Amino acid sequence: MKTDVVVIGGGIAGIQAGLDLAEMEMNVVLVEKKPSLGGKMSQLDKVYPTNDCAL
Amino acid sequence: MIRIIRVMCTGRVDPAFVVWALANEFDAVLVVGCRIGDCHYSSGNLAARRRMRILQAFIKKNGLPPERLRVEWISSAEATKFSKLVEEYAGQVKALGPMQKDDGTRLRLLAMKRALEEEKVRWLIGNEKKLVEEGNVFGDKLDQERFDAAVLGALEDEFNKNLIAVALEKAPASVPELAALSGLKEPAVGEYLVALEQAGRIAPVAGHEEYARYTKI
Amino acid sequence: MPDEVTQKEAAPDPGAPRIGVFVCHCGANIAGFVDIEAIENHARALPNVAFTQRNLYTCSETGLREIKTAIAAQKLNRVVVASCSPRTHEPLFRSACREAGLNPFLFEFVNIRDQCSWVHMQQREGATRKAKELIQMGVARAALLEPQEDITVGVAGKALIIGGGISGITATMSIARRGFQVILVEREKELGGILKNVHKLYPTMGSAGDLIGKNIRAVQKMPRVQVLTSARLVEVSGFVGNYKVTIDSEGKRIEDTVGVIVVATGARLLTPEGLFQYNGRNIVTQGELELLLKQGRLDADSIVMIQCVGARVPGREYCSRVCCMTAIKNAILIREAQPETAVFVLYRDIQTYGTLYEEDYRRARELGVSFIRYNLSKPPVVSSDKVIVHDELLGEDVPIPFDLLALATPLIPQAGFDELSKALKVPVDENGFFLEAHAKLRPVDFATDGIFLCGCARWPSDIGESVSQALAAAARASIPLSQGHVKVEPIVSQVDQNRCIGCGLCETVCSYVGIHLTDTPKGKKAETIRASCKGCGTCGASCPQKAIRMSHFTDGQIEAQICALVGTDK
């Protein structure tokens, strides 16, 4: 697969960028240092102001 | 206790659903859609508003408090307004007390539902805007009062017919029994029986009693 | 009328229902307020339920894997998830079903978080019962669900941007650079918006005029961009990929079809009529002070600025966000140019988040700007040449003479926001700002597919934020444009032509050309136009013959949901 874009960081910003690029028909490689994606947000319970579960 | 049923638009809410809920142990029905003029689906809520107005009149005519149906228009951004409404309406419904759950009431509610599913009634309800506001091809318009009388008349007629049909689905019955059950005069019961028989929905039961009994087909 | 690109064969019948019910703990979010075990046990006993499972977070990778595994292992052909809101999570669970080989429309969502654990937080028993019953209703509906196939329609490769300020111009150029056509509609005679009247920009202290001038020239020269000034959107219909728009530009009507729309209508400054003796001469708005600075006409030895004028007050509760930095920036510029001029900033709270803004705040204090905190319960009292402010920290009234008093008024919704909101059928919040689909996860999307927003139309934001949002909105809008086609939800009407008598009522009540009468060998019959049907169900609820079935919201499904509880004591 030819890679169009490399996204560095698999937190909410990196994931969203990766998703949007992929939807624009780009081949994306998302690189994350940790063993799992999610970054800070996956450690949160709820996010203001909607009180949605951060997961 | 409130149970929410999601539909895409209030335009989807068939008046029959409302009556079906009342027949199934709900004490009241709240129909909530986008603000008038802001319908997410352009004009579905206008169609719903016309239908629900007629339905409310029909409910009232059948001796139920019209408050058992309430229709409100609230935008998805008005959470506080929605929660206030729900609390207020819940209080109002509590004051009305529970729906009667006896067989007679259920029979009548089922007949109401069937009436709302009848072609003639649905044609009239669906054409309210055309008949009252726009007029037919000759530009003739019906005034609101006459329209309402026509729809409610048709509803009553279909209700009576379906009350007999629903009763016969439970058990075969004779004309005097049906008259007692429906509160109609015997000749009227006879007419509805003929109509139902012609529609192939009922048939007389062979027997030697004083009055012929009818049953569903 | 948009063309349907492909129309697949109807999916095979999934067979007798084997329903899997997945109950989400949502950490403690649900499980902390209801008896989740009792709920699962209740679900297990319901008709057609073949499998139940509780997940700590059903939406987590583990939870989704559990669903997929159960679909395969238990041969599930319907899935019910009892967790949160379809608004945020329905697509996720639907795609989990799809990945496991189950048609996504055989999935049913029950919301026991918003409707149970949240609203009945203090009533554990009642909330538990309600959750059980909602699942019971969901299961009854699920048993009757039918598979649906996606409908794909083409996308017009053109965008409409409404509003020619910095946000609109930025979004326009970004989309045009990707190779798509763009129509930029500006209500006024010239592009530029609010920036035309701004002097310098924090934190760079660059000229606002230069920035917007450069952008206006660039967008006007840009290929593929059509700029319409003195123009407004008159009418819009259609849906993502196929919005039919009518624009009035200098009296001329222009009709076009665009794939996406971006709302960048900006905001305007409140005029503080009746507040703090505002007179437009020596008592002006912060915006008018900008103009004085821009035109080099500022002549004052003592300048007082009052913050939060008509903002963060009952009736207009929000913070306008840009006023603190605007005041600080102007105070810095004044003190740097004329160190002998005294500048006082009367504030309630200072919002200078981040690194650069906080640095400017520090710099303003270094330059000798006096910041005095007042409380809303004792606001400053203004006479013709003097302000008396009750200093919260000193606990004393402090008189300050002034030559010029600048009132920082908030950005308020643009005039005409109401009509635009109606025309596009997108919501505004209680203040009149346009409301995004999700404050955190979809900040520049509207809930309506194919319509986006950015800049001050959404809420007060400064240039940097507006530009970020405009670039984000442009990127989001480019997704359907670059795909060239979009999937439309297959929630549409289906006509049983044997029952249909061709009365045409469905066509009359439809707002979308989603159904029409057509000639068939059996006479005139109704027919759904799947690509334009929006699935509202108005025709179905009207049809005299009950010949119209609304897919995914059939009479049978809704009635089953309604009567699912009979015999249960409500």
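Domain bounds, as used on this tour, come from an automatic or database domain assignment. The structure is a predicted model, in which local features need pLDDT of at least 70 and side-chain atom pairs count only at pLDDT 80 or more, while totals for chains, interfaces and linings use all residues. Residues are numbered from 1 along each chain as its sequence is written, and chains are lettered from A and ligands numbered from 1 in the order in which they are written.

**Domains of chain B**

Select residues 10-96 of chain B, which are domain 1, and then residues 103-216, which are domain 2. The centres of these two domains, taken over C-alpha atoms, are separated by 25 Å. Across the boundary, 13 residues of domain 1 are in contact with 15 residues of domain 2; two residues are in contact if their C-beta atoms, placed from the backbone, lie within 7 Å. On the domain 1 side, helix H1 (15-23) and helix H2 (44-61) of chain B each supply at least two residues. Helices (H or I, at least four residues) and strands (E, at least two) are DSSP runs, numbered from the N terminus. The residues on this side divide into nine nonpolar, one polar and three charged. Here Ala, Val, Leu, Ile, Met, Phe, Trp, Tyr, Cys and Pro count as nonpolar, Asp, Glu, Lys and Arg as charged, and the others, Gly among them, as polar.

**A sheet in chain C**

Move to chain C, whose mean pLDDT is 94, with 97% of its residues at 70 or more; pLDDT is the predictor's confidence in each residue, from 0 to 100. Select strands S12, S13 and S14, which form an open antiparallel sheet in that order. Two strands pair if DSSP finds at least two bridges between them. Strand S12 (231-239) and strand S14 (252-258) of chain C stand at the edges with a single partner strand each, so one side of each is left without a neighbour in the sheet. Eight bridges join S12 to strand S13 (residues 242-249) of chain C in the antiparallel sense. To inspect this pairing, select C:Ser237, which stands opposite C:Lys244 in S13.

**Where chain C touches chain A**

Finally, display chains A and C together. Their contact takes 17 residues from chain C and eleven residues from chain A. Which helix gives the most to the side of chain C? Helix H12 (residues 463-483) of chain C does, with six residues. The chain C side divides into seven nonpolar, eight polar and two charged residues.
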